[in-house]
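Okay, thanks for coming, everyone.

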Amino acid sequence: MNPRIAFAALVALFVGAAGLIALELANGAANAGALAVRDPCAPRPSFSGEGLDATMQRIVLDGLDGAACELGTTREELVLSLAPSSGVEPLPWDDETIELAVRAGLLESIDDAEQRGSLNGFVAVVLRQVVERAPVQWLIDGGQGIAGLFD
């Protein structure tokens with residue numbers, strides 16, 4: 001093969017690669033894969049879905065946002081810090097402070113769900129009693145199993 005043709009082909013490949021990279025960067029590739037952690041104190045779009053399962057998920061997510069907001073952390077950091085196997089360092093608050101924040105967040109989210117009409121009064125009263133009396137770790141660990149009972 002002629003060295004000039006080989007050199008021209010190599011230059012064309014580099015120019016093509018640079019063009020593709022520039023095009024991807026212009027289309028936002030620099031931010032692709034960036035983790036967008038939302039402020040737990042700011043309103044979020046409501047979790048979609050209908051029925052008791054969706055309502056329970058909304059209550060838990062809103063409750064965790066409320067707790068994270070009160071503690072000055074993100075919902076994701078709060079949840080990961082509650083699971084020892086996650087490898088995330090525990091939050092700098094004691095267990096009692098975290099428990100009070102989680103309970104307050106869950107109670108507020110139950111109130112919100114009742115005001116929206118997602119929960120009737122009887123179910124809201126029962127859920128408030130559970131949140132006020134059950135161990136927080138049980139609520140976190142058992143929430144997945146409870147949701148499956150109503151499917």
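I'll start with the ground rules, then go through the helices, their contacts and a few single residues.

So, this is a predicted model: local features need pLDDT of at least 70, side-chain atom pairs count only at pLDDT 80 or more, and totals for chains, interfaces and linings use all residues. Residues are numbered from 1 along each chain as its sequence is written, and side-chain values use heavy atoms, with hydrogens and water left out.

The chain has six helices and zero strands, where helices are DSSP runs of H or I with at least four residues, strands are E runs with at least two, and numbering goes from the N terminus. There are 151 residues, and 25% of them count as buried. Buried here is under 20% relative accessible area, exposed is over 50%, and partly exposed is in between, with a 1.4 Å probe and protein chains only. As for contacts, meaning heavy atoms within 4.5 Å, take those with a separation of 6 or more: 52% of them join residues 24 or more positions apart.

Now the core. The largest nonpolar core has 20 residues, and Leu78, Ile98, Ile110 and Leu119 have the most contacts inside it. By nonpolar core I mean a set of buried Ala, Val, Leu, Ile, Met, Phe, Trp, Tyr and Cys residues joined through side-chain atoms within 4.5 Å. Two or more residues each come from H2, H3, H4 (95-116) and H5 (121-133).

Let's look at H3, residues 75-82. Which of its residues are buried? Those are Arg75, Leu78, Ser81 and Leu82. They span an arc of only 140° around the axis, so they sit on the same side of H3; the arc is taken from the directions from the helix axis to the C-beta atoms.

How does H3 meet H2, residues 51-71? Their axes come within 8 Å and cross at roughly 95°. Axes are lines fitted to C-alpha atoms, for helices over the stretch in contact, and angles between N-to-C directions run from 0 to 180 degrees. H2 and H3 are therefore roughly perpendicular. The cut-offs are under 35 degrees for roughly parallel, over 145 for roughly antiparallel, 65 to 115 for roughly perpendicular, and oblique for the rest. On the H2 side, the contact uses Leu61, Leu64, Asp65, Ala67, Ala68 and Leu71, and on the H3 side Arg75, Leu78 and Val79.

At 6% relative accessibility, Asp65 counts as buried. Not counting residues up to four places away in sequence, Asp65 touches Pro40, Arg44 and Arg75.

Over to the other pair: the axes of H4 and H5 come within 10 Å and cross at roughly 180°, so these two helices are roughly antiparallel. Among the residues making that contact are Arg103, Leu106 and Ile110 of H4 and Ala124, Leu127 and Arg128 of H5.

Beyond its neighbours within four places in sequence, Leu119 is in contact with residues including Thr55, Ile59, Ile110 and Leu127. Thr55 lies in H2 and counts as buried at 5% relative accessibility.

Last one: Glu99, in H4. Glu99 is partly exposed, at 31% relative accessibility. From Glu99 to Pro135 is 36 residues in sequence and 8.5 Å in space, C-alpha to C-alpha.
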